[in-house]
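Thanks for coming. I have one chain to go through today, and I will start with a single residue before moving to the whole.

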Amino acid sequence: PVFHVASLVKPPVWLFFFGDMPRALAWYWWTPLFMGLAGVFVLLQTIWRGQTSINVAATILFVFSMHATAFSYWPGYVASFCCFLASAFLTLLRVKKLWVRCLCALGMGWSFCGALMTLYIPWVIPLLFLNMATVAGVIVKERLYQKIGLRTLWQPALVFGAFTACILIPWFYDSKDALFSIAASVYPGGRLSTGGDWPLWG
């Protein structure tokens, strides 16, 4: 772990800066699991309020699925950022207090940067598309689109943009050599242009 502003959106490394090595390693190992549980549950609670038992069961089924377990719960870690992002956005649209909306925008910025910095786009993009469809459905169902407008969202948007800029600009500047090297590699950089040649109906 590197002592950098980008570490603010990397919870698994936090304890390396404040604790001893055994506890830091334990924290690093278990954080993806608990973040996955928290993220999925929070989103389900945001969407289906009052269905706690069903939401707990769905969360456990997702986080402890074969795929997530095989990858040491890191799929749940990536999913948690996308879930927190969607949950914060829905909450932002529902509440009226400005300070709460700005706090939600701060959470959105944190979640967006965290998802982006996982650097595993094959997981991030499908999760974002799924959450976008889910959020769109909730917006239509609850008619939250009536609250979407420049007059009501410009301040939260400013908070979101300022936070993401403060995190992503220094991160990109200090990591650009490594990012360009990854992009020029066969895998994962070349994954976009290798494979996936089947037609949509194939």
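Is T164 buried or exposed? Before I answer, some ground rules. This is a predicted model, where local features need pLDDT of at least 70, side-chain atom pairs count only at pLDDT 80 or more, and totals for chains, interfaces and linings use all residues. Residues are numbered from 1 along each chain as its sequence is written, and side-chain values use heavy atoms, with hydrogens and water left out.

Now the answer. T164 has a relative accessible area of 10%, so it is buried; buried means under 20%, exposed over 50%, and partly exposed in between, with a 1.4 Å probe and protein chains only. T164 sits in helix α7, residues 150-183. Setting aside neighbours within four places in sequence, T164 is in contact with G109, F112, C113 and I169, where contact means heavy atoms within 4.5 Å.

For contrast, take W30 in helix α1, residues 21-47. W30 is partly exposed, at a relative accessible area of 42%.

Next, the whole chain. There are seven helices and zero strands, both being DSSP runs numbered from the N terminus: H or I of at least four residues for helices, E of at least two for strands. The radius of gyration is 18 Å, close to the 17 Å that the globule rule gives for 202 residues, so the chain is as compact as a globular protein of that length. That radius is taken over C-alpha atoms, and the rule is 2.2 Å times the number of residues to the power 0.38. Of the 202 residues, 35% count as buried. Among contacts with a separation of 6 or more, 68% are between residues 24 or more positions apart.

Where is the largest nonpolar core, and which residues touch the most other members? A nonpolar core is a set of buried Ala, Val, Leu, Ile, Met, Phe, Trp, Tyr and Cys residues joined through side-chain atoms within 4.5 Å. The largest has 23 residues, and L90, L92, L93, I139 and L144 touch the most other members. Helices α1, α4 (74-94), α5 (98-116) and α6 (121-142) each supply at least two of its residues, and α4 gives the largest share, seven. Beyond four places in sequence, L90 touches T46, I47, V135, V138, I139 and L144. A second, separate core of 20 residues includes F81, W110, C113 and W123.
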